[in-house]
Structure formats: structure tokens, C-alpha cells
Amino acid sequence: MLIAPSRFTRGRAMLLAGIRRQHLYADSYRTIPRQWQDFACRDDIPSINPAIRYGVVCGSRAEGFEYMCASEVESFDTLAPELGRMRIHEQRYAVFEHFGHMSALRHTWELIFRDWLPHSGITPVQVPDFELYDERFDVESGSGLVELWFPVAESGK
């Protein structure tokens, strides 16, 4: 399967708040959905737009990675102490689209890293990449459109 970005765009700076957890690659298909269930039960995150959620990947290492289920907030000032916080800086991104069930999302990320990136001539940037879930994604069924925002260098195509 060939994969290519739907577009290149400049992402704006954001403040994200939510639940941050470490995951093993081998178990992430089970542990990340549980994290999203826990996130959905939180009603104390003052989201700027409740229709948009972010899944942020950061801190990758050989056996696993850190993942954050988050909403965009205006400020960190009034957040509960146990909530994770992340500043996303303005950045250029290659944006990919994943259609289908979220259980196949890992495969789409693998295609980006294994098939697209080595042949793209693009230089990745070591900042968090993220999934954007909006009204095109059905939370109940776990299916729909998810945008995958992959950070690239300014000199990228």
C-alpha cells in the first residue's frame, strides 16, 4: 500500500491538557483504547473546542512510547494537578489521513515511517507528532477519518 500526505501545512502553537501514559508497542492496541476511555470520563478539562481531541505521541524509545489523550486549552492555570500538559509549538507538518477503524491506526503510522519517510526526501523533526480527531471520527464505533500530523523540517517539500 502506498501512502502520501494529503497536504503540507503549518500548524499553530497550542496548549494541550489531558492524560499522559507510557505504552509498550506490543500492548498499545489494548492500553491506548483504555486510556481514551479514561479520558472520556474526565469533565474537568476546559476544552476550547470539545469536538476536537488529540492523540499525541512523544518520547519514543525501543520498547515503547508516551501517549497523551488531550484537548486544547487556553491556559494551564486551573488544571487539576494530575493532568498532563504539553506545549505544541508552531511547526510545519505533513498531514496524512487514516480512514477506517482505529485498530488499524498503528499500521498507518508504520506505513509513514517504513514506506513514505525513507523515499520522501523529507527531514523529520524531533518534536511530538499527533492524531487529530474531529467530527469526521465516530467515537462510538471507533471508525472514521483521523488526521496524522507528522512534523517535518521547514525545507521539506
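Let's start at a pocket: the lining of the second largest pocket divides into twelve nonpolar, six polar and six charged residues. Keep in mind as we go that this is a predicted model. The volume of this second largest pocket is about 500 Å³. Of the 24 residues lining the second largest pocket, Trp36, Phe39, Ala40, Arg53 and Val139 are the closest to its centre. Helix H1 gives the largest share of that lining, five residues.

Now move to the largest pocket, with a volume of about 780 Å³. Its lining is made of 30 residues, and those closest to the centre are Tyr25, Val57, Phe65, Trp109 and Glu131. Several elements give two or more residues to this lining: helices H1 (28-40) and H2 (105-120), together with strands E3 (53-58), E4 (64-73), E7 (129-133) and E9 (143-151). By type, the lining of the largest pocket divides into 20 nonpolar, six polar and four charged residues.

In soluble globular proteins, nonpolar side chains tend to be buried together. The largest nonpolar core here has 32 residues, and the members that touch the most others are Tyr67, Phe96, Ile112, Trp116 and Phe150. At least two residues of this core come from each of strand E2 (14-24), H1, E4, E6, H2 and E9. H2 supplies the largest share, six residues. Apart from this core lies another one of 14 residues, including Met68, Ile88, Phe130 and Trp149.

Phe96 sits in strand E6 (residues 91-101). Its relative accessible area is 0%, so Phe96 counts as buried. Leaving aside residues up to four places away in sequence, Phe96 touches Ile3, Ala4, Pro5, Ser6, Ile112, Trp116, Val146, Glu147, Leu148 and Phe150. Ile112, with that same exclusion, touches Ile3, Phe96, Leu117, Pro118, Leu148 and Phe150.

Finally, look at the charged pairs. The structure holds 14 salt bridges. In one of them, Arg12 pairs with Glu72, and the closest N and O atoms are 2.7 Å apart. This pair links distant parts of the chain, 60 residues apart: Arg12 is in the loop between strand E1 (7-11) and E2, whereas Glu72 is in strand E4. Arg12 is partly exposed at 48% relative accessibility, while Glu72 is buried at 12%.

Another salt bridge joins Arg20 and Glu66, with the closest N and O atoms 2.6 Å apart. Because Arg20 lies in strand E2 and Glu66 in strand E4, the pair ties together parts that are 46 residues apart in sequence. Arg20, at 32% relative accessibility, counts as partly exposed, and Glu66 is buried with a relative accessible area of 15%.

Glu110 forms a salt bridge with Arg106, where the closest N and O atoms are 3.3 Å apart. Glu110 and Arg106 are four residues apart in helix H2, so about one helical turn separates them. Glu110 is partly exposed at 34%, and Arg106 is partly exposed at 38%. There is also a network of salt bridges, which links Arg7, Asp134, Arg136 and Glu147.

Technical notes:
Residues are numbered from 1 along each chain as its sequence is written. This is a predicted model: local features need pLDDT of at least 70, side-chain atom pairs count only at pLDDT 80 or more; totals for chains, interfaces and linings use all residues. Side-chain values use heavy atoms; hydrogens and water are left out. On a 1 Å grid over the protein atoms alone, a cavity is a set of points where a 1.4 Å probe fits but cannot get out, and a pocket is an open set with protein on both sides within 12 Å along at least five of seven lines; lining residues have an atom within 4 Å of a point. Grid points are joined across faces, edges and corners, and a volume is the space filled by probe spheres set on the points. Ala, Val, Leu, Ile, Met, Phe, Trp, Tyr, Cys and Pro count as nonpolar, Asp, Glu, Lys and Arg as charged, and the others, Gly among them, as polar. Buried means under 20% relative accessible area, exposed over 50%, partly exposed in between (1.4 Å probe, protein chains only). Contact means heavy atoms within 4.5 Å. A nonpolar core is a set of buried Ala, Val, Leu, Ile, Met, Phe, Trp, Tyr and Cys residues joined through side-chain atoms within 4.5 Å. A salt bridge is a side-chain nitrogen of Lys or Arg within 4 Å of a carboxyl oxygen of Asp or Glu.
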